[in-house]
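Student: I would like to learn how to read the features of a structure that is new to me. May we go through one together?

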Amino acid sequence: WLQWSWAGVNALAGTSRRDYTCTRLAGCFGPQMSEYVIGAIMSEDWRQLRRRQDEGAWDPEPFKKRRRLSTMTLGCLGVGDISAVVVQRAQAFGM
């Protein structure tokens with residue numbers, strides 16, 4: 001028996017051994033990956049704001065002009081559990 005914790009099992013296609021059962025961890029990583037995706041999207045704006053703060057630039061304009069998640073479009077490749085949760089969370093932000 002083999003418990004596969006990665007997305008996809010293509011790496012196993014090249015093996016000639018077939019005397020095992022391969023199972024997956026379905027539904028386990030969607031919440032964590034969706035938080036990572038949303039966080040990664042937001043981190044670029046926050047890095048720019050942090051840079052301005054470090055430079056001593058305290059004007060409020062960058063905060064007013066910051067991109068809103070609801071104005072963005074998110075493209076997801078894949079139809080598995082992870083993509084489904086990422087899409088669900090992105091829709092909650094109006095994406």
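Student: What covers the buried residues of H1?

Tutor: Please keep in mind that this is a predicted model. The cover over the buried residues of H1 includes helix H2 (61-65) and helix H3 (81-92). The buried residues in H1 are Gly30, Ser34, Ile38, Ile41, Asp45 and Leu49.

Student: How many residues does H1 have, and what span is expected for H1?

Tutor: The expected span of a helix is 1.5 Å times one less than its number of residues. H1 has 25 residues, and the distance from its first C-alpha to its last is 35 Å, close to the expected 36 Å.

Student: Where is the kink in H1 centred?

Tutor: A bend at a residue is judged from the angle between axes fitted on either side. In H1, a kink of about 30 degrees is centred on Ser43. Just after H1, Gly56 adopts a positive phi of about 80 degrees.

Student: Is Asp45 buried or exposed?

Tutor: Buried means under 20% relative accessible area. Asp45, which is located in helix H1, has a relative accessibility of 9% and therefore counts as buried.

Student: Which residues does Asp45 touch, leaving aside those up to four places away in sequence?

Tutor: Asp45 is in contact with Arg66 and Arg67. Arg67 belongs to the loop between H2 and H3. When residues up to four places away in sequence are left aside, Arg67 touches Ile41, Asp45 and Met72. With a relative accessible area of 41%, Arg67 is partly exposed. Arg67 and Arg51 are 16 residues apart along the chain, and their C-alpha atoms are separated by 17 Å.

Student: Where does Cys28 lie?

Tutor: Cys28 is in the loop between strand S2 (22-24) and H1. Its relative accessibility is 37%, so Cys28 counts as partly exposed. Cys28 and Lys64 are 36 residues apart along the chain, with 37 Å between their C-alpha atoms.

How values were computed. Residues are numbered from 1 along each chain as its sequence is written. This is a predicted model: local features need pLDDT of at least 70, side-chain atom pairs count only at pLDDT 80 or more; totals for chains, interfaces and linings use all residues. Side-chain values use heavy atoms; hydrogens and water are left out. Helices (H or I, at least four residues) and strands (E, at least two) are DSSP runs, numbered from the N terminus. Buried means under 20% relative accessible area, exposed over 50%, partly exposed in between (1.4 Å probe, protein chains only). Contact means heavy atoms within 4.5 Å. The bend at a residue is the angle between axes fitted to the seven residues ending there and the seven starting there.
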